[in-house]
Amino acid sequence: MLDATDAWGKHLFHRYDDLWLHVHLGLYGKFRDGALPAPPPRGALRLRLLGEGHWLELRGPTACEVLTDAERAVVLARLGPDPLRRRPDVERFVARVLRSRAPIATLLMDQSVVAGVGNVYRAEVLFRQRLDPYRPGRDLDAAQLHGVWDDLVGLLRAGVRAGRIITTLPEDRERPAGRPRRVDAHYVYGRAGLPCRVCGTAVQDALVAARRLFWCPVCQA
């Protein structure tokens, strides 16, 4: 019987009696579900749950495992503060970045620095805060990092409510009125070679922390 659910960053936890089901979807993990009867199991199925009227299954996750309380605590200890938690430790995030020589674009993808930030949010928050993605963390100041954190909180919460990632302001979209179209949803992510929505300079891209980073070389100089 499912007793509780929790999430920290990209890690999902379901509690069953004295054990936790831990799932990290990664890039390719996907849940699907339906009404009973469930289809025959096929392929690399990692998890299947059956209820009174529905079934749920999981394929392709980075992690799918059963943990004790102590083992779950080890997973959580490796993670940085999550902007979506009720009382996140923003000062821990700020202190961690200010100690590092690594570029801020690398640090935002490090789940031990801040949990839950993916590649889209990395690119978009750095643009919105007008920060050079290659700037070392220790060269920033606390006010700038609080700005990044506050923006992440707002963007992530908006993403949860909308069920999609929208980071642009209405005045920066090609079609300001109505529901944002996919082509209007982001400032720089996925827009390499296209003009910056603010200054018109071609958006650049490069591989940083094993993922494609997008930025404006003028707005984020």
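These are my notebook entries on a predicted model of one protein chain.

**Ground rules.** I number residues from 1 along each chain as its sequence is written. Since I'm on a predicted model, local features need pLDDT of at least 70, side-chain atom pairs count only at pLDDT 80 or more, totals for chains, interfaces and linings use all residues, and side-chain values use heavy atoms, with hydrogens and water left out.

**Layout.** I started with secondary structure, taking helices (H or I, at least four residues) and strands (E, at least two) as DSSP runs numbered from the N terminus. I got 5 helices and 9 strands. The order from the N terminus is β-β-β-β-β-β-β-α-α-α-α-α-β-β. The C-alpha atoms fill a box of roughly 55 × 40 × 30 Å along the principal axes.

I looked up the accessible surface (Shrake-Rupley, 1.4 Å probe; for residues, only the protein chains shown count as cover). It comes to about 12000 Å², and 54% of that belongs to carbon and sulfur atoms. Of the 221 residues, 38% are buried; buried means under 20% relative accessible area, exposed over 50%, partly exposed in between (1.4 Å probe, protein chains only). For charges I count Lys and Arg as positive and Asp and Glu as negative, leaving out His and the chain ends. I place each charge at NZ of Lys, CZ of Arg, CG of Asp or CD of Glu. That gives 34 positive and 25 negative side chains, with the centres of the two sets 5 Å apart.

**Cores.** My nonpolar core is a set of buried Ala, Val, Leu, Ile, Met, Phe, Trp, Tyr and Cys residues joined through side-chain atoms within 4.5 Å. The largest one has 26 residues, and Phe93, Val97, Ile104 and Leu108 have the most contacts inside it. At least two residues of this core come from each of helix H2 (90-98), helix H3 (104-107), helix H4 (119-128), helix H5 (142-162) and strand E9 (211-215). H5 gives the largest share of this core, 7 residues. I then listed the contacts (heavy atoms within 4.5 Å) of Phe93. Leaving aside neighbours within four places in sequence, Phe93 is in contact with Pro81, Leu108, Val113, Val114, Leu145, Val148 and Trp149. A second, separate core has 9 residues, including Ala123, Val188, Val203 and Cys216.

Most residues other than glycine have a negative phi, and most peptide bonds are trans. I noted a cis peptide bond from Leu36 to Pro37, with omega near 5 degrees. Pro37 is in the loop between strand E4 (30-35) and strand E5 (45-50). Asp17 has a positive phi near 55 degrees; Asp17 is in the loop between strand E2 (11-16) and strand E3 (19-24), and is exposed at 54% relative accessible area. Ala209 has a positive phi too, about 55 degrees. Ala209 lies in the loop between strand E8 (204-208) and E9, partly exposed at 38%.

UniProt's unreviewed entry puts "domain: FPG-type" at residues 187-221; its positions are in the numbering used here, feature names are shortened, and annotations may be inferred rather than shown by experiment. In the model, residues 187-221 are 0% helix and 29% strand, with end C-alpha atoms 16 Å apart. I also checked Leu194, in the loop between H5 and E8. Leu194 is partly exposed at 41% relative accessibility. Not counting residues up to four places away in sequence, Leu194 touches Thr201, Ala202 and Val203. The C-alpha atoms of Leu194 and Phe214 are 11 Å apart.
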